Each structure stands twice: as structure tokens, then as C-alpha cells.
Amino acid sequence: MIAGMLTISVILFALTILVAVIRIILGPSLPDRVVALDVIGVNLIATIAVVSVILNTKAFLEAILILGILSFIGTIAFSKFIERGKIVERKRDR
Amino acid sequence: MKTNDVILQTTAKVVFFIIFLFSIHIFFAGHYAPGGGFVGGLLTTGAIVLLLLAFDLRTIQQILPFNFTIMTAIGLLLALGTAAGSIFFNVPFFTHAFSDFDLPLFGHTSLHTAMLFDSGVYLVVVGSAITIIQSIGGDD
């Protein structure tokens with residue numbers, strides 16, 4: 001029962017990632033693609049969590065933390081690129 | 001137009017130390033658990049990139065006054081020196097030694113010379129990645 005539910009949820013997460021990939025390819029504007037990349041990150045984290053429940057192991061929990069950190073930094077970089085046009089500034093005018 | 005990013009800068013100041021502590025943890029967790037020098041170096045690079053996003057290149061050069069090229073060289077010297085040190089003990093290249101010690105604060109621990117090699121890898125990854133980001137992001 002629980003194993004079947006977990007397998008179905010992994011399949012649904014994979015479908016969600018597929019839909020987000022379609023949005024990245026088709027997406028008319030840049031913010032659509034950025035939000036789709038964030039959706040892929042969150043769904044990868046959830047998939048790794050469910051897989052580690054299925055395999056009954058704790059070995060993947062640090063991978064979840066690393067994916068969360070990298071997705072956070074990536075989202076900040078993309079939003080700064082959308083807002084300012086450049087990512088790393090040499091001298092900030094203040 | 002004067003930009004206002006108080007939230008980003010305040011968050012980056014706190015999250016930098018969280019990511020840096022996690023990178024140190026994952027650096028020392030290597031060899032028996034997932035982790036090691038490469039992932040730890042990449043996470044430290046991610047923390048410094050977060051500071052670069054929130055502030056600018058000159059501020060980061062002031063608060064982290066390292067020459068990252070020399071850091072890469074020191075890391076390569078450490079890794080190659082650890083790898084080449086094994087041939088003086090009449091064992092094959094890259095052989096590593098380990099033993100168990102009873103340290104006062106850590107209890108029963110096993111110390112490996114592979115950790116020295118890993119710290120060399122850590123320095124190489126951080127130095128080369130930050131050098132690439134500084135030289136790409138610096139030009140206007």
C-alpha cells in the first residue's frame with residue numbers, strides 16, 4: 001500500500017519535471033523559464049526524499065541540502081539578471 | 001536610480017555562514033560518508049558567489065583578501081606532495097596511510113593522509129572557480 005503510493009508519487013514528480021522542461025523549451029519569456037527551473041529544483045528535492053524513503057536509507061539527505069542551496073543561489077542569480085541586466089558588478093553605485 | 005536591496009544583503013550575510021559551515025561539515029564527512037574535498041569546495045564557492053551577488057567585486061576583494069591564483073597553486077602543491085610522499089616509503093604512488101588515535105576532544109578517531117590530499121583538492125576547486133568567476137564577471 002505505502003510502497004505503491006510512493007511509486008505513484010515518484011511517477012507524478014517525473015511527469016511534473018517533464019511539464020516544466022516543456023515550459024523551459026517553449027516558454028515565451030525569461031521569467032517563465034526561471035520559474036520552471038525553480039519548479040524542477042523543488043521537484044528534484046521531493047523526488048530524492050521519496051526515493052530515500054523507498055530505499056530506507058539516510059545517504060541522500062545531504063544531496064537534498066546541496067540541491068536546495070544550489071537552487072536558491074541560482075534563483076537569486078536569475079532574478080538579479082532579470083532586474084539589473086548584469087550578475088556580478090565591479091563597483092556598485094550607491 | 002538608486003537600488004534598494006536591504007533584504008538580499010541582510011539575508012546573504014547570514015546564509016553565507018550557514019553554507020560555509022555546511023561545506024566544512026561535508027568536507028570532513030568524506031571518505032566514509034558522502035562528501036569530500038570537491039563538494040566542499042563547490043559549496044564554499046557557492047557561498048562566495050552569493051556574497052558576490054549581494055555585494056560587488058571590490059567589497060569581496062576587501063573582506064576576503066586572498067590571491068585565489070596562489071590558493072590554486074598551494075592546493076596543487078599540497079595534493080601532489082601528498083601523492084608523491086608515498087614513494088619515499090617504498091610503496092606505490094598515491095598509497096595513503098591511516099591509523100586510529102585516541103584524541104582528547106574527539107574520542108576514538110581514524111586519521112588518514114587522504115584528508116591532506118582532499119584539502120588540496122578543496123583549495124584547487126575554490127581558487128580556480130573564484131578566479132573564473134572574477135575574470136568573467138569583472139568586465140563591463
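Mentor: We'll go through confidence, then the pocket, then a helix and a handful of residues.

Trainee: Okay, what kind of model is this?
Mentor: This is a predicted model. For the complex, the predictor gives an ipTM of 0.82 and a pTM of 0.86.

Trainee: And what's the mean pLDDT of chain B?
Mentor: The mean for chain B is 87, with 96% of its residues at 70 or more.

Trainee: Let's talk pockets. How much space is in the largest pocket?
Mentor: About 430 Å³.

Trainee: Which residues lie nearest its centre?
Mentor: Those are B:F28, B:S110, B:L111, B:H112 and B:M115, out of 16 residues that line the largest pocket.

Trainee: Which elements supply the lining of the largest pocket?
Mentor: In chain B, α1 (6-28), β2 (107-112) and α5 (114-137) each give at least two residues to that lining.

Trainee: And how does the lining split by class?
Mentor: Ten of the lining residues are nonpolar, five are polar and one is charged.

Trainee: You mentioned α5 of chain B. How many residues does α5(B) have?
Mentor: α5(B) has 24 residues. From first C-alpha to last, α5(B) reaches 34 Å, close to the 34 Å expected at 1.5 Å a residue.

Trainee: Which residues of α5(B) are buried?
Mentor: They are B:S119, B:G120, B:Y122, B:V125, B:V126, B:G127, B:A129, B:I130 and B:G137.

Trainee: What covers them?
Mentor: The cover over the buried residues of α5(B) includes α1, α2 (37-54), α3 (57-63) and α4 (68-84) of chain B.

Trainee: Switching to α2 of chain B: is B:L51 buried or exposed?
Mentor: B:L51, which is in helix α2 of chain B, counts as buried because its relative accessibility is 6%, and the cut-off for buried is under 20%.

Trainee: What is B:L51 in contact with?
Mentor: Setting aside neighbours within four places in sequence, B:L51 is in contact with B:A12, B:F16, B:I60 and B:I63. The C-alpha atoms of B:L51 and B:V15 are separated by 9.3 Å, and those two residues are 36 apart along the chain.

Trainee: How about chain A? Where is A:K80?
Mentor: A:K80 is in helix α3 (residues 61-84) of chain A.

Trainee: Why does A:K80 count as buried?
Mentor: Because its relative accessibility is 5%. Leaving out neighbours within four places in sequence, the contacts of A:K80 include A:R92 from chain A, plus B:L52, B:L53 and B:F55 from chain B.

Trainee: Where is B:N90?
Mentor: B:N90 is in the loop between α4 and β1 (98-103) of chain B, and B:F94 is also in the loop between α4 and β1 of chain B.

Trainee: Are they buried or exposed?
Mentor: B:N90 counts as exposed, at 73% relative accessibility. B:F94 counts as partly exposed, at 49%.

Definitions and conventions
Residues are numbered from 1 along each chain as its sequence is written. Chains are lettered from A and ligands numbered from 1 in the order in which they are written. This is a predicted model: local features need pLDDT of at least 70, side-chain atom pairs count only at pLDDT 80 or more; totals for chains, interfaces and linings use all residues. Side-chain values use heavy atoms; hydrogens and water are left out. On a 1 Å grid over the protein atoms alone, a cavity is a set of points where a 1.4 Å probe fits but cannot get out, and a pocket is an open set with protein on both sides within 12 Å along at least five of seven lines; lining residues have an atom within 4 Å of a point. Grid points are joined across faces, edges and corners, and a volume is the space filled by probe spheres set on the points. Helices (H or I, at least four residues) and strands (E, at least two) are DSSP runs, numbered from the N terminus. Ala, Val, Leu, Ile, Met, Phe, Trp, Tyr, Cys and Pro count as nonpolar, Asp, Glu, Lys and Arg as charged, and the others, Gly among them, as polar. The expected span of a helix is 1.5 Å times one less than its number of residues. Buried means under 20% relative accessible area, exposed over 50%, partly exposed in between (1.4 Å probe, protein chains only). Contact means heavy atoms within 4.5 Å. pLDDT is the predictor's confidence in each residue, from 0 to 100.
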